[in-house]
Amino acid sequence: MDTNKRERPLIIIASNRGPFSFTQNEDKTFTANRGEGGLVTALWSLAEKHEVVWVASAMDKDDRKWVQSVQGKVQNIENIALKLIAHNKNQYEKYYNTIANPLLWFIQHQLWDIPRSPSITLDTWSAWKNGYVAINQSFAKAIIEIVKNANRPTIILPQDYHLYLLPKYLRQVLGWQVQIQPFIHIPWPGPDAWRILPGSIRDEILSGLLASNRIGFQTRKDAFNFVQTCRFYLPNTSSRGTRDTIYVQDRPVKAINYPISVDVEKLSQLTESTQNQLEKNQLMNIIGDRKLILRVDRIEPSKNILRGLAAYRSLLEQHPEHRGKVQMLALLVPSRTGVDEYQSYLKEIMAEGGMINAEFSDQLWEPVRIVVGHNYQRAIAAMQLYDVLVVNPIADGMNLVAKEGALVNQRDGVLVLSEHAGAFYEMGDYALNVSPFDTYGTAEMIHNALTMPQAERQERAEALRALVQKNDIKQWFDAQVEDVLQASTKADRKSPTPSTPST
Ligand code: G6P
């Protein structure tokens, strides 16, 4: 480690899913596999460029065995200092499958069918206390140990909705010597959405987060909603007329937007690989000379895959001229299979796809292809080939598929984009924007995209590509770290006496 590096602060990333998962081989050795999910993709390159310890959960049996084999210590895996925590299994199950997904995720993406669900039962209360609270404490314990051993300035960056209580638990022990700046990757809805939670749970979440120095969100709207939610529910807070700062008594906590992006360099490398060419050849066998209408999603209710298929059906009904000339390809990645809603959602998708095929296919044409599996290379190859990319979530923090697609596409493809995706705020000027609930309107937009003059397609595609190239993932991280560093320099000069996290 050079001197320069030693003087720089240590950065601790805390996220539920880590950058690697492990598989134990027959000879008892371990293979490290790169983790999945937008969060991991986003944070991957950061840890390679800064001095970072990444703290995450052991997700399954083999991860736990790996933790045991390294005696729970921090290990360097492909240049990333990784600490996996083997939490109590029962607590972890409650935290992940009852509170984080679905409860918090469903609230923040507004997915609940309010007249019927959710019901906050004794099980939910128990999962809160013995699951979510316990696992946040387990993270705090591991991080506190790392901070104490490092004995140097430290920046802690908790990621996402799994760790809302962590800032407060850290602050209670570490005081104001550390900078804590969470980033919330998913939408933050306004105060009304949070009424689903019992008051005490909701207030714990808000006060947990308010123990941070600053909080990062994807869009200005999310940041604004957070400030409003705190104002509305916590009596000792106010925004003093600002849109982006919440005062806990006199201590300001800024809510800042840092729109996340993709790793431009890594994606470009992927498009040049031999594997990429093989995937493209296979896809071309399916597409032939038809126009490709693509979607790439985790199997996830908020992605609105069912209404996307309904829109495609409407396109084939309203504009029969496209029959046989287009190919809908849905590349779907299994996700959170332990949550009931996710299992039934996949069944409904397969049924809807089957019905469209039964109705419209002929000997030479299968209108919809649904491919379920984990194949990132295939997804990237498909994104290079689309004529229309459909991104129509009900709510989405950002949606990296929109950005990945815009970057790698080679056909001047048109982006049909939900106005409820975070990406809309950056890309909306050059996409064809839709309401995710309006299947007829989405069908018409797909039609517009398919029939758009070449010059306009090119103009829009080039603008979108330039936009993604300019706001790469590095900017996202650098902006956050820069803000923390600047704030800590100012604070050093002022020798602050900040309030304790008393909310
Ligand atoms: C998506 C979301 C992230 C979230 C992650 C968790 O990628 O965009 O905000 O942290 O899902 O996914 P997991 O598969 O770990 O439940």
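Which residue is the bridge partner of A14 in strand 7? The partner is P158. The structure is a predicted model, in which local features need pLDDT of at least 70 and side-chain atom pairs count only at pLDDT 80 or more, while totals for chains, interfaces and linings use all residues. Residues are numbered from 1 along each chain as its sequence is written, and side-chain values use heavy atoms, with hydrogens and water left out.

**Confidence**

The pLDDT is the predictor's confidence in each residue, from 0 to 100. The protein has a mean pLDDT of 93, and 93% of its residues reach 70 or more. Confidence is lowest in helix 1 (residues 3–7), at a mean of 49, and highest in strand 17 (residues 388–391), at 99. Over residues 1–6 the pLDDT is below 50. Where pLDDT is low, the predicted coordinates should not be read in detail.

**The sheet**

Helices (H or I, at least four residues) and strands (E, at least two) are DSSP runs, numbered from the N terminus. Two strands pair if DSSP finds at least two bridges between them. Strand 1 (residues 10–14) and strand 7 (residues 154–158) run parallel and are joined by 5 bridges.

**Buried residues**

Buried means under 20% relative accessible area, exposed over 50%, and partly exposed in between (1.4 Å probe, protein chains only). F183, in strand 9 (residues 183–184), is buried, with a relative accessible area of 0%. Leaving aside neighbours within four places in sequence, F183 has contacts (heavy atoms within 4.5 Å) that include P158, Y258 and W476. D297 lies in strand 14 (residues 291–298) and counts as buried at 7% relative accessibility.

**Aromatic pairs**

The structure holds 17 aromatic pairs. Rings of Phe, Tyr and Trp (its six-membered ring) pair if their centres lie within 6.5 Å; planes under 30 degrees apart count as stacked, over 60 as edge-to-face and the rest as tilted. Two of these pairs are listed below.

| Pair | Centre to centre | Angle between planes | Class |
|---|---|---|---|
| F22 and W66 | 4.1 Å | 5° | stacked |
| F106 and W112 | 4.7 Å | 50° | tilted |

F22 lies in strand 2 (residues 20–24) and W66 in helix 3, so the pair ties together parts that are 44 residues apart in sequence. F22 and W66 are buried, and both F106 and W112 are buried.
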